[in-house]
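Q: Could we go through the strand and helix packing in this structure together?

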Amino acid sequence: MNSKHNTVTALGKMPSDSKKKREQKKKEAAKNRGNKKPQNAETNGATNGVSEENGVDDVVTDIKEEIEALDIADKHRSVTGVLVSHPDSRDVHINNLAITFHGAVLLQDTKLELNVGKSTLLRALELKEVPIPDHVDIYHLRREMPPSDKTALQAVFEVDQEQSHERLLDIYEHLDEMDADKAEMKASFILHGLGFTKEMQQTKVKNFSGGWRMRIALARALYIKPSLLLLDEPTNHLDLNACVWLEQELKEYKRILVVISHSQDFLNGVCTNIIHFHLQRLKLYGGNYDAYVQTRMELEENQMKRYKWEQDQISHMKTLTFYFPSCGTLPPPVIMVQHVSYKYADDKPLIYDNVDFGMDLDTRVALVGPNGAGKSTLLKLIAGELIPTDGLIRRHSHLKIGRYHQHLQEMLDLNMTALDWMMKMFPDVKEREDMRRIIGRYGLTGQQQVVDEIWICEHKKITKWDKDIYEYKAHLAKVVQKQLAKLAKT
């Protein structure tokens, strides 16, 4: 077999080397337990080096690993490809890439160049189901950090002990970073950028919500700087300040970075290449997202025959659009917030102090501000889930409020189909076909905008931003740069 053209076919998830080693250790431990001699508890603990608590942790870890091993996506995915880049190269070029999932063809006879697609493709890359050279270490950020007694800071800088850096080009940099003080400083710097205060960095991981544990997992990925970093929607759990910091950080990332994101602005700031996943092919475009859009438009204008063929293909696709039934009209004022102050307890500081504003049916507002400023609290006050400490919130007597938040999925019954769940939640809809039509209406293109005002929640007040969101983001970028410069001096 030619060393430069290795073909790999993956029909399922094979046990990793680390998994085999753990299984071997379990067998040896079981054998030793059968042969062990009586001894006091203290000696036994010192000999085995494993406390009863650690044994429980090992069982929990094993259960998690067994659940992951049953991942349906891994069992029913088939991947083939040919490595055409040099085995020792830092770049990864693969030809004749094909991926099938449950028999459905996702990619067929296409090229992959990393100098990528969707979540299934990232998972295939993570497991090296395509012929990626062994020296290319991969980190795929898929889930939040599991709860533990480690602090957020420990969880980040101790990840380096779990990773091996085998490539010669990384050794000198890694040796310099092995110094404990520098390691902790680096981890603290990353956590600070993602919104963790010094107090939060010393908080145990198990005391954080899922969204904050996802930030810790992201910090770990940024800390170890793998050769190939795979990020699937990294901005989902971040506020705008953290998004701006992350964008600045990833701009300077010196290794291969593959990002899936629906934020066009984020892609513009981070990416130097765009891969379009379309019609079972991957097409590479140079430049950021705006450059991709412009180039694609020019290609379509200059290739009328291809454009006609694409239109024919599009005509066979189902178009999804958001549909909101008319809510009728209500005379203003719809919502009046008058001299409202709020704090969660008498011994807690005020989150809002003497706030006044009004909202009508044509109000379109984006709430921005740092974590802890009270954005979610304000929504709860408006919706009536919280009662103001002082002041009054007046709502029109015929006003109906619908509220969506990032943890709303916890209400879903994962054992039911979307159709059955909607039928259960909205029993007034009697016919299943009627409900099919209702849930089939929903979809949203990236060009649709619903916001025409920006309110900043900060310093116990709500302040209207007179410019657009891009200028506000540029303002935040300047703030982040000043903070980074101040940290560098200290």
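Q: What kind of model is it, and what cut-offs apply?
A: This is a predicted model, in which local features need pLDDT of at least 70, side-chain atom pairs count only at pLDDT 80 or more, and totals for chains, interfaces and linings use all residues. Residues are numbered from 1 along each chain as its sequence is written, and side-chain values use heavy atoms, with hydrogens and water left out.

Q: Which strand order does the antiparallel open sheet have?
A: The order is S11-S10-S13, an open sheet of 3 strands. Strands are DSSP runs of E with at least two residues, helices are runs of H or I with at least four, and both are numbered from the N terminus. Two strands pair if DSSP finds at least two bridges between them.

Q: Which strands are at its edges?
A: Strand S11 (352-359) and strand S13 (390-395), each of which pairs on one side only. Neighbouring strands of this sheet are turned by 15° against each other on average, direction ignored.

Q: How many bridges link S10 and S11?
A: Strand S10 (residues 335-342) pairs with S11 over 5 bridges. Methionine 336 stands opposite glycine 358 in S11.

Q: And the mixed sheet, what is its order?
A: That open sheet of 3 strands runs S12-S14-S15. Its edge strands are S12 (365-368) and S15 (461-465). S12 and strand S14 (residues 453-458) run parallel and are joined by 4 bridges, and leucine 367 has tryptophan 455 in S14 as its bridge partner.

Q: Which strands does H15 lie across, and at what angle to S12?
A: H15 lies across S12, S14 and S15 at about 135° to S12. Helix H15 (residues 375-383) also lies across S10, S11 and S13, at about 60° to S11. Contact means heavy atoms within 4.5 Å; angles run from 0 to 180 degrees between N-to-C directions, with axes fitted to C-alpha atoms, for helices over the stretch in contact.

Q: Changing topic: at what angle do H16 and H17 cross?
A: Helix H16 (residues 418-425) and helix H17 (residues 432-439) cross at roughly 105°, their axes coming within 10 Å. The pair is therefore roughly perpendicular (65 to 115 degrees; under 35 is roughly parallel, over 145 roughly antiparallel, the rest oblique).

Q: Which residues meet there?
A: Leu419, Asp420, Met422 and Met423 in H16 meet Arg432, Met435, Arg436 and Ile439 in H17.
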